[in-house]
Amino acid sequence: MSVIPTWISIVGVVMTVLSPLLALGGVFLGSYLTRKSDRELDVWRHREETMRMVRWAVEQILEGEDAGTDAGVVTLRSLMRSELLQPEDYDLVAALTAAVAIDRIGASAYADIADTDIEVVEGDSDHG
C-alpha cells in the first residue's frame, strides 16, 4: 500500500481548483483585449470615413460649380452635426470648413454650419 504525502494531495487539490479559474481569467482577458481593439478600430474607421467625406466636400466646393458647391456645403453641414464626427476632430473640420466655405458661400450661409461660439472672420481674396 502506497501512501501519498499530504503536500502532494494539497497541491493536487489546489491545481484542480485553480486550473479552471486560470482558464476563465484567460478568457476574460482575451475578451477585454478584443473589445478594446474593436473600439480602437471603430474610432479609426470613423475618422477615416470622416476625412474621406471632408476631402470630397472640399473638392466639390473648390471646383466652383453651383451644384458641386451646394453638395459640398450640405455634406459639411451634415457631417458637423453627425455622430460620425468625433469631438477631437470637430475643431479641424470646423476650421477647414470656415477656410474653404466662407469665401465660396458667404458668412450668412456658413453661420448655419458653424458652432455658435465660433467668430466668423471674413478675409478678402488677396489675404485669405
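**Notes on the model**

1. The structure contains four salt bridges, a salt bridge being a side-chain nitrogen of Lys or Arg within 4 Å of a carboxyl oxygen of Asp or Glu. This is a predicted model, in which local features need pLDDT of at least 70, side-chain atom pairs count only at pLDDT 80 or more, and totals for chains, interfaces and linings use all residues. Residues are numbered from 1 along each chain as its sequence is written, and side-chain values use heavy atoms, with hydrogens and water left out.

2. Helix α1 spans residues 6-63 and helix α2 residues 66-80; the two pack at an angle of about 150°, their axes lying 7 Å apart. Helices α1 and α2 are therefore roughly antiparallel (angles over 145 degrees). The crossing of α1 past α2 is left-handed.

3. On the α1 side, the contact (heavy atoms within 4.5 Å) involves T50, M53, V54, W56, A57, Q60 and I61, which meet G68, T69, A71, G72, V73, T75, L76 and L79 of α2. The residues of this contact comprise nine nonpolar, six polar and no charged, with Gly counted as polar.

4. A UniProt unreviewed entry lists residues 6-29 as "transmembrane region"; such annotations may be inferred rather than shown by experiment. In the model, residues 6-29 are 100% helix and 0% strand, and the end C-alpha atoms of this stretch are 34 Å apart.

Conventions
Axes are lines fitted to C-alpha atoms, for helices over the stretch in contact, and angles run from 0 to 180 degrees between N-to-C directions. Helices (H or I, at least four residues) and strands (E, at least two) are DSSP runs, numbered from the N terminus. Angles under 35 degrees count as roughly parallel, over 145 as roughly antiparallel, 65 to 115 as roughly perpendicular and the rest as oblique. A crossing is left-handed if the near helix is turned anticlockwise from the far one by less than a right angle, and right-handed if clockwise.
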